[in-house]
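Visitor: Hi, can you walk me through this one? I'm new to this.
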Amino acid sequence: MLVYFIRKCKAFATRKVNANMRHTLALLLAFLLCGCAPSGDSKKTIVASFYPIAFLASEITGNEFEVKTLVPAGSEPHEFELTPRGVAALNDASLILMNGLGMEGWESSLSPSMKEKTITLSQGLETLSIDGRVDPHVWLDTRLYEQMGKKVYEGIVSIDKEHAQIYADNYALFCKKMVDLRGYCNEIASSFKQKSVAVNHAAFGYMAAEFGFEQLYINSLSPNEEPTQKAIEDIIEAISSQGIDTVFFEELASDEVAKKIAAETGAKVDSLNPLEGLEESEINRGENYYSVYRENMDKIARAKP
Amino acid sequence: MLKSWKGGITMFRYEFMVIAFVVALLLGLTFPLLGGTVVYKKLSSSGDALAHSALAGVAIGLVSGLQALYMSIVCCVISFLLIGLLRRKFGKHAEIGVVVVLSAAIAVTGILSGYASSGNFESYLFGSILLISYDELYVVIALAAISIFFFFFTYHRQMACLYSEEEAKIARVPVRLLDFLHSLLFALTVAIGAKIVGSLVVSSMLVLPTAAALLLKKGYRMTCIISVIVSLISMSSGIVLSYYLDWKPGATSVGVAVVILLFFLLYRGVSRALLRHKRLNAPVSDQ
């Protein structure tokens, strides 16, 4: 069998008509052998699954570690597939930080050596549920985000005790900024009376719980799922009965459904950012977790009722 | 040249890349061996239908609390047998059976997904070739071994069936049994393949290599051989290219297969044109 196959292959390779194909083969081989390897950085890395997690890491490490974000800026983490470079980064990282609660679809397939250096930040947090599913957007509760920051701090200190003082200072600064942020939001929230906010997908449950407003949503937990008839009917009913003037959709997801419902009810459409990822341009403009969170809060405050 | 050699080697610095490469080669061998028959039977889209059935299986598994992967395998087998049954019912329009099963699977998945307790249940099914555990590697090795054994053991009988089922029956080829075994193996490949490398890769790579090989019109045996070679090149170069270009490996493999297919198409067009040109210009005595 094998001999036959080899003979056939030889015949195949020597046949004149197949010069073209041999050419392709050679080209592919050339591809195989060339190409530059990703440069071996000497700086130790921390890999974070997506934006808010990476932001925590960079706030606390300062310049000591390079922080890599697996989900590229501006992509939606729910729909993310790993590339070889991503897996290579996971492999080489000193520490892997994840949110957990199903935000990382690839979580279960990590190799044992990767799992060993992984910290799942949502572990042990008090989570909320929506329609019987655990809501993974824990980073939108400023108190929980602070707890996640503490885990990151402890994790980084445990792998690099030498610079513990730097991390302690950075962590203290982070806590102070979070207290400022919470103060800002609480002040705005103090004027909320029976506040209802209509959103495209139920990403803002934690924010709603912390600052005392109600979240009316079209889709529960997947941003781009097809909404059911009843969900649309319910939200239109609620919008008109409660006098809601703005329907929010989230950046990175489709605004189609929000627009349709806005048109049906005469409400405006505006965007909220659930902070799952920031665009490259936003980051370059100096936007970060704190500033976007404030902006969200301002927008919610402006919407009626 | 030496430097570029090094560049080629660095990707194998990582164990996960080595495993991905091995799995790509094994599946690259398995897919066309099982997918060929399906293409010849004009059921090319059944891979796609089965991948959706597998997803329906996962939904059923999550709602009923049974093991998701086993349910997806069971669903795949049932679906493929159903496709076979419908194919006989619809006669000439065999592909209708595929569409019926595909639609049913999508409907079941869509309805049940509302009841599943876990949000992104796709992650139960759609894997990535880059994150393969040792257990999954063994499964792939076993699957490849069984498929290769099945292919060579039934090679002539399958060819007879494809030529004419009636004549094969007269020649005492167990047509139904062969069909059933192939269905079983095919469904298993789709369910396991989707779990390990993703459904896009499975449904495309079952068909594209054979489709490309068919373009060259070299007869059954050569078509099989060429399809295996095309499949191996696509799968392995998909892994390599995706590493250097930072693309998604599954999509890259499929992309390479499509490019090869287009290349064959072009090649056929050019060689035909050349042949015609030659015939026109050849002296009469040569004809």
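Visitor: What percentage of the 287 residues in chain B is buried?
Guide: Buried residues make up 46% of the 287 in chain B. Buried means 20 or more other C-beta atoms, placed from the backbone, lie within 10 Å of the residue's own; exposed means 12 or fewer, and partly exposed is in between. One caution: this is a predicted model, where local features need pLDDT of at least 70, side-chain atom pairs count only at pLDDT 80 or more, and totals for chains, interfaces and linings use all residues. Residues are numbered from 1 along each chain as its sequence is written, while chains are lettered from A and ligands numbered from 1 in the order written.

Visitor: How many helices and strands are in chain B?
Guide: Chain B has 13 helices and zero strands. Helices (H or I, at least four residues) and strands (E, at least two) are DSSP runs, numbered from the N terminus.

Visitor: Switching to chain A. In what order do the strands of the open sheet run?
Guide: The four strands go 8-7-9-10 in chain A, with parallel pairing. Strands pair if DSSP finds at least two bridges between them. Strand 8 (214–219) and strand 10 (268–272) of chain A are the edges, each pairing on one side only.

Visitor: How many bridges join strand 9 and strand 10 of chain A?
Guide: Five bridges, in the parallel sense. A:Thr246 stands opposite A:Lys268 in strand 10 of chain A.
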